[in-house]
Every structure is written in structure tokens, then in C-alpha cells.
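Subject: Structure handover

Hi,

Here is the structure for you to look through. Please open it first, then read my notes below.

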Amino acid sequence: MLTTDSASGCARFREAHEAATTALASQPGTTRDISADVALGATLDAYGIPSEFWPTGGGCTARYVSFAPMGDVSESAPFIVITDDASADHPVAEHNGWLATWYGPEFDGIPDRELYSSARPLQNPTLADMAHDSASCARAIREWYDGATAQWTRNEVSLEAISGPYRCQTRPEHWDGYCAPRFPHDVMQQICADTQTAHRAGRWNAPAHFEGQTVVIVTSSGRTEVPPDKDGFYRTGAFHWPWTEYTDRATAPVTELVEAIQWTYERQPDSWTVIIADHGWRVKVIDVLPTPSPGAAPQVSDALRSTLNEASLSSCKVSAKGPGEAAAAVRAHFATARSQYDPDTATGAPTEIRLPDSRP
């Protein structure tokens with residue numbers, strides 16, 4: 001699991017670049033004898049990013065960064081894959097530039113975000129080119145995780161078997177309905193107390209507590225320390241614990257309807273209906289489905305509208321390439337439109353909302 005980075009970005013990049021240069025210089029032979037992964041592994045280590053080789057089939061491998069505590073990768077767990085033309089162990093001479101992509105399976109299970117791609121394809125690169133590309137790739141992953149380029153938005157989350165909800169900030173990335181929150185110090189204190197209460201009751205196996213300014217999570221496999229990030233927030237369980245956006249609305253009827261229709265209806269091209277719980281100052285995305293055609297599938301549109309009204313839920317119509325992109329567009333839109341709302345006074349009302357076309 002990644003740890004937060006408080007060091008200077010420029011200084012860390014120089015350290016990573018030097019680590020790659022040293023690792024490459026220690027290898028015998030020419031660029032056709034030295035594995036490109038030597039530089040990548042050194043730079044990831046320098047940025048504090050644990051990674052492993054991952055067989056992808058067909059004799060190819062990739063280097064992956066897992067967010068699970070034991071480094072497990074599954075269809076439902078978020079992870080980053082770093083590839084070089086489908087293989088992370090090409091010799092330097094055949095290196096074409098690293099490509100790092102984030103997989104957070106939600107709705108479609110396809111790569112959700114490109115975190116790094118070499119500015120230009122490399123052909124027979126020198127060792128210096130190799131060191132620079134590797135350090136740049138590792139830096140991009142580190143900055144993505146630290147949130148230097150991510151949009152943090154106000155939110156409220158809950159955790160199964162633990163009390164809540166908890167005020168927090170969340171990232172755009174979600175997977176299987178889960179989110180990656182970060183908490184201010186006072187909320188983190190309450191979470192620690194609640195995990196200990198749940199642990200004593202036998203409902204939670206990872207109690208947390210403070211040691212100084214660091215949160216310590218204790219499990220059967222050891223301790224995990226979570227220091228505050230550069231903004232003073234704690235990312236306890238982010239990308240690992242099943243944090244979900246909180247809602248007090250009854251979502252089961254809508255979920256059952258979506259499962260029943262199973263997308264077996266005429267739909268509007270490139271249009272997605274994002275079902276949300278509107279809480280005034282924030283929204284929770286519940287599900288995404290292709291927008292039913294009012295002319296060809298009026299019964300589906302009517303059933304969906306009726307079910308949403310009864311459950312006090314809302315829907316947004318979005319033009320997007322896929323359901324994951326549609327959900328991200330809705331979250332981004334509401335984060336901006338509701339940024340000045342007071343969480344203690346704002347309330348939401350069910351309505352049908354049309355967002356601007358989000359396609360490039």
C-alpha cells in the first residue's frame with residue numbers, strides 16, 4: 001500500500017533518477033543485455049511505491065502496483081499496471097516508453113485513467129533516456145496518488161460494521177461502488193474510536209488508534225502506519241477498506257429495477273442515465289445504465305421515473321463514451337455546482353438533470 005510523500009518533488013525526482021542511473025550502470029553488457037525494468041524498479045522504490053511483476057498471459061508480464069495490503073490483484077481490487085509494449089522486461093534497446101494505467105473496476109472494468117505515457121516513443125534509447133522515462137513514470141504515479149493533480153471533493157462516507165457517516169474528501173476514482181476518502185484529524189479520531197468499539201464487539205478486525213500524529217492500524221498480519229498527507233488529512237483504508245458514499249435513501253427498489261431490465265431495451269446512442277441520491281451539498285452515484293429511448297422503450301423510461309420518485313432519488317443524463325466516464329462527469333459537475341453549499345443546511349430534491357456533453 002502506498003504511503004504519503006512529503007518530500008520535495010524536484011528533490012525526489014533527482015533521487016529517483018540517480019537511483020535508476022546507478023542501477024543501470026551496475027548491469028553488465030549493452031542496452032540489448034540490460035532489462036528496462038531495472039530502471040523502473042529502482043525509480044518506483046525511490047518514490048516509495050511497492051510493485052510486483054504480474055503475468056498477463058501469452059508469456060508477457062507487466063509491473064503492477066496493488067492497493068491491497070498483501071499485494072493481491074483481483075477483478076474487483078484497484079491497481080495500476082505499467083507496461084512496455086505489453087511486457088515490462090524488454091531490454092533497454094527495445095524500450096518504447098512506459099505506459100501506466102489505473103484500473104478501478106466500476107461498471108465496465110476497463111482502464112479508467114492513463115497516469116503516464118512517454119511524451120514521445122523511444123527508439124533504441126540510451127541509458128540516460130531509460131533513467132529519465134522511468135523516473136518520470138514513477139513521479140507521475142506518486143503525484144497521482146498524493147493528489148497533486150486530483151480533484152478532492154467534499155463528501156460523506158460510511159463503512160460496513162462501523163458507525164458513521166463521516167465527513168471527508170474523496171477522489172474522482174471509484175471501484176465497485178467503493179471510494180478513496182481522506183479525513184481531517186477530528187473525524188479520524190472518531191473513526192479510530194469506532195473501529196475499536198466494533199473490534200471489541202467482534203464486527204471489525206482492523207482497529208485503529210493514534211500514536212502521536214500517526215494513525216496505526218493493527219491486524220493479524222501486523223501494523224500499518226498512516227501519517228497525515230501534505231494537507232493534514234488521513235487516508236485510512238483508502239483504496240482498501242470498503243468505504244462507500246453515504247446515503248439514507250432506500251436504494252434497493254432502483255437496484256432491483258436495474259437488474260431486472262438488464263439493459264435489454266432500445267437506448268439512446270452514447271447517452272447514459274446516472275442514478276444519484278441528491279443530498280444538496282453532494283451526491284452519491286448509485287448506478288449507471290444506458291438511457292432508454294423515450295420512443296422505442298417508453299415503458300422502461302416510465303418505470304425508472306416512477307421508481308426514482310418513490311425513492312426520492314434523481315437521475316442525470318450524460319453523453320459519454322462509457323458508464324465510468326458518465327459517473328465521473330456527474331461527480332465533477334456536482335462538486336463544482338455545489339461547492340458553496342453548507343452541508344448542515346443544504347437539502348436535495350429528486351429531479352431529472354441534463355448535464356452538458358462530456359465527450360471530448
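Asp129 is part of helix 3, which covers residues 127-146. This is a predicted model, so please read each value here as computed. Is Asp129 buried or exposed, or does it fall in between? Its relative accessibility is 31%. Buried would need under 20%, and exposed would need over 50%. Asp129 therefore counts as partly exposed. Now find His95. In sequence, Asp129 and His95 are 34 residues apart. In space, their C-alpha atoms are 9.8 Å apart.

Next, helix 2. The buried residues are Asp37, Ala39, Leu40, Gly41, Ala42, Thr43, Leu44 and Ala46. Look just past the end of helix 2 as well. Gly48 has a positive phi there, of about 70°.

Then there is a helix pair. Two packed helices are described by the angle between their axes and the distance between those axes. Helix 5 (residues 252-261) packs with helix 6 (residues 298-310) at an angle of about 165°. Their axes are 9 Å apart. Because of that angle, helix 5 is roughly antiparallel to helix 6. The two helices make a left-handed crossing. Which residues of helix 5 and helix 6 meet? From helix 5 come Pro253, Val254, Leu257 and Ile261. From helix 6 come Val300, Ala303, Leu304, Thr307 and Leu308. Of the residues in this contact, 8 are nonpolar, 1 is polar and none is charged.

Last, a sheet. Strands of a sheet pair through backbone hydrogen bonds, in either a parallel or an antiparallel way. Here, 4 strands form an open sheet in the order 8-7-6-12, and the pairing is antiparallel. From one strand to the next, the twist averages 65°.

Strand 6 (residues 153-159) and strand 7 (residues 166-175) run antiparallel and are joined by 5 bridges. Thr153 stands opposite Thr170 of strand 7.

Best wishes

Technical notes. Residues numbered from 1 in each chain as written. Predicted model: local features only at pLDDT ≥ 70, side-chain atom pairs only at ≥ 80, totals over all residues. Heavy atoms only, no water. Pairing = 2+ DSSP bridges. Axes fitted to C-alpha atoms, helices over the stretch in contact; angles between N-to-C directions. Parallel < 35°, antiparallel > 145°, perpendicular 65-115°, else oblique. Left-handed = near helix turned anticlockwise from the far one by under 90°. Contact = heavy atoms within 4.5 Å. Nonpolar A, V, L, I, M, F, W, Y, C, P; charged D, E, K, R; others polar. Buried < 20%, exposed > 50% of the residue type's maximum accessible area, 1.4 Å probe, protein only.
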